Amino acid sequence: MKRVTIRVPATTANLGPGFDAFGCALSLYTDVTFEETEAGLEITGCPEEFTGPDNLAYTSYCAALATMSEELRGVKIHIDAHIPVCRGLGSSAALLVAGAMGANVLRGNKLSTQGLLNITNAMEGHPDNLAPAFLGGLTASMVDSGLPVCVSFPLHPDWEFLALIPDFNLPTTKARAVLPEQVSRADAIYNISHGALVLKALELGDEKLLRNAMQDKLHQNYRKKLIPDYEAIESLVRTTGAAFCLSGAGPTLLCITQDPKLEEKLAKKLDSITTANWQMLPLHVEFEGAHVIFAE
(Lines give C-alpha, C1' and ligand atoms only; values in the text may rest on other atoms or scores of the structure.)
Protein backbone atom coordinates (compact mmCIF):
# COMPACT_ATOMS: atom_id res chain seq x y z
CA MET A 1 0.00 0.00 0.00
CA LYS A 2 1.54 3.28 -1.12
CA ARG A 3 -1.35 5.73 -1.15
CA VAL A 4 -4.19 6.35 1.26
CA THR A 5 -6.91 8.96 1.78
CA ILE A 6 -8.17 9.62 5.30
CA ARG A 7 -11.50 11.33 5.99
CA VAL A 8 -11.84 13.16 9.32
CA PRO A 9 -15.04 14.81 10.58
CA ALA A 10 -15.31 18.31 11.96
CA THR A 11 -15.71 18.52 15.71
CA THR A 12 -17.26 20.91 18.16
CA ALA A 13 -15.64 21.04 21.59
CA ASN A 14 -16.78 22.15 25.05
CA LEU A 15 -20.57 22.11 24.41
CA GLY A 16 -20.94 24.92 26.93
CA PRO A 17 -19.76 23.80 30.37
CA GLY A 18 -17.58 20.87 29.23
CA PHE A 19 -14.52 23.07 28.79
CA ASP A 20 -11.59 21.12 27.29
CA ALA A 21 -13.49 17.90 27.98
CA PHE A 22 -16.63 17.40 25.84
CA GLY A 23 -16.63 17.02 22.07
CA CYS A 24 -18.90 15.90 19.26
CA ALA A 25 -18.21 14.94 15.64
CA LEU A 26 -20.22 16.72 12.96
CA SER A 27 -21.04 16.11 9.30
CA LEU A 28 -18.35 18.29 7.74
CA TYR A 29 -15.09 16.76 6.57
CA THR A 30 -11.45 17.12 5.66
CA ASP A 31 -9.93 14.50 3.34
CA VAL A 32 -6.15 14.12 3.28
CA THR A 33 -4.29 11.90 0.80
CA PHE A 34 -0.79 10.59 1.53
CA GLU A 35 1.33 9.08 -1.23
CA GLU A 36 4.78 7.77 -0.41
CA THR A 37 7.64 8.79 -2.70
CA GLU A 38 11.37 8.15 -2.76
CA ALA A 39 12.24 11.50 -1.20
CA GLY A 40 11.05 15.03 -0.57
CA LEU A 41 7.85 16.69 0.61
CA GLU A 42 5.06 18.02 -1.59
CA ILE A 43 1.88 19.48 -0.10
CA THR A 44 -1.03 20.68 -2.24
CA GLY A 45 -4.59 21.84 -1.67
CA CYS A 46 -3.81 24.50 0.92
CA PRO A 47 -2.38 28.04 0.95
CA GLU A 48 1.30 28.24 0.10
CA GLU A 49 2.32 29.30 3.61
CA PHE A 50 1.15 25.89 4.89
CA THR A 51 3.04 23.76 2.35
CA GLY A 52 6.24 23.46 4.38
CA PRO A 53 7.41 20.90 6.96
CA ASP A 54 5.45 22.60 9.77
CA ASN A 55 2.13 21.61 8.16
CA LEU A 56 0.11 19.86 10.89
CA ALA A 57 -0.74 16.83 8.76
CA TYR A 58 2.94 16.34 7.98
CA THR A 59 4.22 16.88 11.52
CA SER A 60 1.67 14.36 12.79
CA TYR A 61 2.60 11.95 10.00
CA CYS A 62 6.27 12.21 11.02
CA ALA A 63 5.44 11.78 14.72
CA ALA A 64 3.54 8.56 14.04
CA LEU A 65 6.39 7.16 11.94
CA ALA A 66 8.86 8.00 14.70
CA THR A 67 6.68 6.25 17.29
CA MET A 68 6.64 3.13 15.12
CA SER A 69 10.41 3.42 14.53
CA GLU A 70 9.66 3.56 10.81
CA GLU A 71 11.90 5.26 8.27
CA LEU A 72 10.72 8.65 7.04
CA ARG A 73 10.69 8.65 3.25
CA GLY A 74 9.29 11.17 0.80
CA VAL A 75 5.57 11.93 0.75
CA LYS A 76 3.03 13.81 -1.31
CA ILE A 77 0.14 15.20 0.72
CA HIS A 78 -3.05 16.59 -0.77
CA ILE A 79 -5.51 18.33 1.52
CA ASP A 80 -9.17 18.68 0.57
CA ALA A 81 -10.51 20.63 3.54
CA HIS A 82 -14.15 21.60 3.99
CA ILE A 83 -13.74 22.45 7.67
CA PRO A 84 -13.20 26.23 7.95
CA VAL A 85 -9.91 27.28 9.55
CA CYS A 86 -9.82 29.04 12.93
CA ARG A 87 -13.58 28.88 13.35
CA GLY A 88 -13.88 26.50 16.30
CA LEU A 89 -14.76 23.39 14.30
CA GLY A 90 -11.64 21.30 14.81
CA SER A 91 -9.71 22.09 11.62
CA SER A 92 -6.32 21.66 13.33
CA ALA A 93 -7.34 18.45 15.07
CA ALA A 94 -8.56 17.03 11.74
CA LEU A 95 -5.14 17.50 10.17
CA LEU A 96 -3.35 15.97 13.14
CA VAL A 97 -5.67 12.96 13.13
CA ALA A 98 -5.31 12.50 9.37
CA GLY A 99 -1.52 12.68 9.51
CA ALA A 100 -1.12 10.13 12.28
CA MET A 101 -3.69 7.76 10.82
CA GLY A 102 -2.25 8.10 7.30
CA ALA A 103 1.23 7.10 8.47
CA ASN A 104 -0.19 4.23 10.50
CA VAL A 105 -2.19 2.80 7.60
CA LEU A 106 0.71 3.10 5.14
CA ARG A 107 2.99 1.19 7.50
CA GLY A 108 0.70 -1.67 8.42
CA ASN A 109 -1.56 -0.34 11.20
CA LYS A 110 0.94 -0.99 13.97
CA LEU A 111 -0.65 1.56 16.31
CA SER A 112 -4.04 1.34 18.03
CA THR A 113 -6.49 4.23 18.15
CA GLN A 114 -5.29 4.89 21.69
CA GLY A 115 -1.72 5.03 20.42
CA LEU A 116 -2.73 7.56 17.77
CA LEU A 117 -4.59 9.58 20.39
CA ASN A 118 -1.47 9.63 22.56
CA ILE A 119 0.63 10.98 19.70
CA THR A 120 -1.81 13.66 18.59
CA ASN A 121 -2.69 14.75 22.12
CA ALA A 122 0.97 15.40 22.82
CA MET A 123 0.90 17.78 19.86
CA GLU A 124 -2.52 19.39 20.39
CA GLY A 125 -2.32 19.67 24.17
CA HIS A 126 -5.92 18.60 24.91
CA PRO A 127 -8.06 15.75 23.54
CA ASP A 128 -11.51 17.39 23.39
CA ASN A 129 -11.49 17.68 19.57
CA LEU A 130 -9.24 14.69 18.94
CA ALA A 131 -11.46 12.15 20.69
CA PRO A 132 -14.61 12.72 18.60
CA ALA A 133 -12.48 13.09 15.45
CA PHE A 134 -11.11 9.57 16.03
CA LEU A 135 -14.17 7.95 17.60
CA GLY A 136 -17.14 9.83 16.13
CA GLY A 137 -20.25 10.82 18.08
CA LEU A 138 -20.24 12.42 21.52
CA THR A 139 -17.18 12.01 23.75
CA ALA A 140 -15.73 13.18 27.03
CA SER A 141 -12.00 13.18 27.68
CA MET A 142 -9.42 13.79 30.34
CA VAL A 143 -5.65 13.55 30.58
CA ASP A 144 -4.25 11.19 33.20
CA SER A 145 -0.48 11.03 33.79
CA GLY A 146 0.02 12.80 30.49
CA LEU A 147 -2.10 10.40 28.45
CA PRO A 148 -5.65 10.97 27.14
CA VAL A 149 -8.55 8.91 28.45
CA CYS A 150 -11.61 9.16 26.23
CA VAL A 151 -15.09 7.64 26.44
CA SER A 152 -18.16 7.77 24.20
CA PHE A 153 -21.64 8.78 25.37
CA PRO A 154 -25.05 7.96 23.89
CA LEU A 155 -26.77 10.69 21.92
CA HIS A 156 -30.47 10.98 21.12
CA PRO A 157 -31.02 10.60 17.35
CA ASP A 158 -33.35 13.60 17.01
CA TRP A 159 -30.79 16.32 17.73
CA GLU A 160 -29.84 18.64 14.90
CA PHE A 161 -26.98 21.13 14.94
CA LEU A 162 -26.99 24.52 13.25
CA ALA A 163 -23.58 26.18 13.03
CA LEU A 164 -23.47 29.96 12.65
CA ILE A 165 -20.10 30.60 11.01
CA PRO A 166 -18.91 34.22 10.66
CA ASP A 167 -16.72 35.72 7.96
CA PHE A 168 -13.88 36.34 10.43
CA ASN A 169 -11.61 33.92 12.26
CA LEU A 170 -10.50 33.68 15.87
CA PRO A 171 -7.17 31.94 16.52
CA THR A 172 -7.33 29.57 19.48
CA THR A 173 -4.26 31.24 20.99
CA LYS A 174 -6.13 34.54 21.15
CA ALA A 175 -9.25 32.90 22.55
CA ARG A 176 -7.21 31.22 25.29
CA ALA A 177 -5.30 34.39 26.13
CA VAL A 178 -8.45 36.10 27.47
CA LEU A 179 -9.17 33.34 30.01
CA PRO A 180 -8.29 33.87 33.68
CA GLU A 181 -5.58 31.78 35.29
CA GLN A 182 -7.82 31.02 38.29
CA VAL A 183 -11.57 30.68 38.80
CA SER A 184 -13.74 30.69 41.89
CA ARG A 185 -14.95 27.54 43.61
CA ALA A 186 -18.52 28.58 42.84
CA ASP A 187 -17.78 28.80 39.11
CA ALA A 188 -16.06 25.41 39.15
CA ILE A 189 -19.05 23.80 40.87
CA TYR A 190 -21.40 25.52 38.44
CA ASN A 191 -19.62 23.95 35.46
CA ILE A 192 -19.32 20.49 36.97
CA SER A 193 -23.03 20.33 37.74
CA HIS A 194 -24.12 21.80 34.42
CA GLY A 195 -21.75 19.58 32.45
CA ALA A 196 -23.16 16.40 33.99
CA LEU A 197 -26.68 17.46 33.06
CA VAL A 198 -25.65 18.37 29.50
CA LEU A 199 -24.57 14.78 28.89
CA LYS A 200 -27.85 13.44 30.26
CA ALA A 201 -29.93 15.93 28.27
CA LEU A 202 -28.15 14.96 25.06
CA GLU A 203 -28.81 11.30 25.82
CA LEU A 204 -32.49 11.79 26.63
CA GLY A 205 -33.31 14.32 23.92
CA ASP A 206 -34.58 16.70 26.62
CA GLU A 207 -34.61 20.15 25.02
CA LYS A 208 -35.54 22.12 28.13
CA LEU A 209 -32.87 20.43 30.25
CA LEU A 210 -30.24 20.97 27.57
CA ARG A 211 -31.16 24.64 27.19
CA ASN A 212 -30.79 25.19 30.92
CA ALA A 213 -27.70 23.01 31.42
CA MET A 214 -25.68 24.28 28.48
CA GLN A 215 -24.41 27.36 30.33
CA ASP A 216 -20.89 28.05 31.42
CA LYS A 217 -18.78 30.28 33.66
CA LEU A 218 -15.25 29.19 32.72
CA HIS A 219 -14.74 30.44 29.18
CA GLN A 220 -17.73 31.77 27.25
CA ASN A 221 -18.22 34.95 29.28
CA TYR A 222 -14.64 35.94 28.47
CA ARG A 223 -14.55 34.85 24.85
CA LYS A 224 -17.85 36.41 23.82
CA LYS A 225 -16.20 39.84 23.99
CA LEU A 226 -14.08 38.78 21.00
CA ILE A 227 -17.17 37.99 18.90
CA PRO A 228 -19.29 40.88 17.59
CA ASP A 229 -23.05 40.47 18.15
CA TYR A 230 -22.60 37.40 20.37
CA GLU A 231 -25.17 38.50 22.95
CA ALA A 232 -27.71 39.61 20.36
CA ILE A 233 -27.45 36.27 18.55
CA GLU A 234 -27.64 34.32 21.82
CA SER A 235 -30.78 36.20 22.80
CA LEU A 236 -32.36 35.52 19.42
CA VAL A 237 -31.51 31.80 19.50
CA ARG A 238 -32.89 31.38 23.01
CA THR A 239 -36.26 32.84 21.94
CA THR A 240 -36.59 29.85 19.58
CA GLY A 241 -36.09 27.34 22.38
CA ALA A 242 -32.80 26.00 21.01
CA ALA A 243 -29.72 25.40 23.15
CA PHE A 244 -26.80 27.71 22.41
CA CYS A 245 -23.04 27.69 22.94
CA LEU A 246 -19.72 28.59 21.43
CA SER A 247 -18.28 25.94 19.16
CA GLY A 248 -14.86 25.26 20.64
CA ALA A 249 -13.02 28.52 21.14
CA GLY A 250 -15.27 30.23 18.57
CA PRO A 251 -16.11 32.30 16.69
CA THR A 252 -18.63 29.79 15.32
CA LEU A 253 -21.80 29.73 17.40
CA LEU A 254 -23.70 26.47 17.77
CA CYS A 255 -27.43 25.88 18.09
CA ILE A 256 -28.72 22.45 19.13
CA THR A 257 -32.37 21.71 18.53
CA GLN A 258 -35.02 19.25 17.43
CA ASP A 259 -36.91 21.95 15.53
CA PRO A 260 -36.58 21.40 11.77
CA LYS A 261 -37.57 25.03 11.15
CA LEU A 262 -34.85 26.63 13.31
CA GLU A 263 -32.79 27.81 10.33
CA GLU A 264 -35.86 29.40 8.77
CA LYS A 265 -36.74 31.18 12.01
CA LEU A 266 -33.25 32.59 12.47
CA ALA A 267 -32.83 33.60 8.83
CA LYS A 268 -35.69 36.06 9.11
CA LYS A 269 -34.01 38.05 11.89
CA LEU A 270 -30.28 37.29 11.94
CA ASP A 271 -29.16 39.86 9.36
CA SER A 272 -31.03 42.65 11.13
CA ILE A 273 -29.15 42.20 14.43
CA THR A 274 -25.61 41.49 13.22
CA THR A 275 -22.77 43.47 11.69
CA ALA A 276 -20.79 40.50 10.32
CA ASN A 277 -21.85 38.02 7.66
CA TRP A 278 -22.91 34.72 9.23
CA GLN A 279 -23.29 31.51 7.27
CA MET A 280 -25.91 29.13 8.64
CA LEU A 281 -24.78 25.54 8.15
CA PRO A 282 -27.13 22.70 9.17
CA LEU A 283 -25.18 19.68 10.45
CA HIS A 284 -25.91 16.38 12.05
CA VAL A 285 -23.89 14.16 14.34
CA GLU A 286 -21.26 12.06 12.57
CA PHE A 287 -21.11 8.74 14.38
CA GLU A 288 -18.18 7.44 12.33
CA GLY A 289 -14.81 8.84 13.26
CA ALA A 290 -11.75 9.17 11.05
CA HIS A 291 -11.50 6.38 8.50
CA VAL A 292 -9.91 5.29 5.24
CA ILE A 293 -11.94 6.17 2.14
CA PHE A 294 -9.31 5.13 -0.44
CA ALA A 295 -6.21 2.95 -0.34
CA GLU A 296 -3.94 1.27 -2.83
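Me: The crossing of α2 and α3 is right-handed. What describes two packed helices?

Reply: Two things do: the angle between the axes and the distance between the axes. This is a predicted model. In it, the axes of α2 and α3 come within 10 Å. They cross at roughly 140°. An angle over 145° would count as roughly antiparallel. The pair α2 and α3 is therefore oblique.

Me: Which residues make the contact between α2 and α3?

Reply: From α2 come S92, A93, L96, V97, A100, M101 and N104. From α3 come L116, T120, M123 and E124. By class, the contact of α2 with α3 has seven nonpolar residues, three polar and one charged.

Me: Now α1 and α3. At what angle do their axes cross?

Reply: At roughly 130°, with the axes coming within 10 Å. Here α1 spans residues 56-67 and α3 spans residues 113-124. The two helices are therefore oblique to each other. The crossing of α1 and α3 is right-handed. On the α1 side, the contact uses T59, S60, A63, A64 and T67. On the α3 side, it uses I119, T120 and M123.

Me: How many residues of each class are in the contact of α1 with α3?

Reply: Four are nonpolar, four are polar and none is charged.

Me: That leaves α1 with α2. How far apart are their axes?

Reply: They are 7 Å apart, and the helices pack at an angle of about 40°. That angle makes α1 oblique to α2. The crossing of α1 and α2 is right-handed. L56, A57, S60, Y61, A64 and L65 of α1 take part in the contact. Their partners on α2 are S92, L95, L96, G99, A100, G102, A103 and L106. By class, the contact of α1 with α2 has 10 nonpolar, four polar and no charged residues.

Me: Which elements each supply at least two residues of the lining?

Reply: They are β4 (74-81), α2 (91-106) and α5 (172-177). The largest share, four residues, comes from α2. By class, the lining has 17 nonpolar, 14 polar and eight charged residues.

Me: Where is N14 found, and where does P251 lie?

Reply: N14 is in the loop between β1 (3-13) and β2 (22-37). P251 is in the loop between β8 (243-246) and β9 (253-257).

How values were computed
Residues are numbered from 1 along each chain as its sequence is written. This is a predicted model: local features need pLDDT of at least 70, side-chain atom pairs count only at pLDDT 80 or more; totals for chains, interfaces and linings use all residues. Side-chain values use heavy atoms; hydrogens and water are left out. Ala, Val, Leu, Ile, Met, Phe, Trp, Tyr, Cys and Pro count as nonpolar, Asp, Glu, Lys and Arg as charged, and the others, Gly among them, as polar. Axes are lines fitted to C-alpha atoms, for helices over the stretch in contact, and angles run from 0 to 180 degrees between N-to-C directions. Angles under 35 degrees count as roughly parallel, over 145 as roughly antiparallel, 65 to 115 as roughly perpendicular and the rest as oblique. A crossing is left-handed if the near helix is turned anticlockwise from the far one by less than a right angle, and right-handed if clockwise. Contact means heavy atoms within 4.5 Å.
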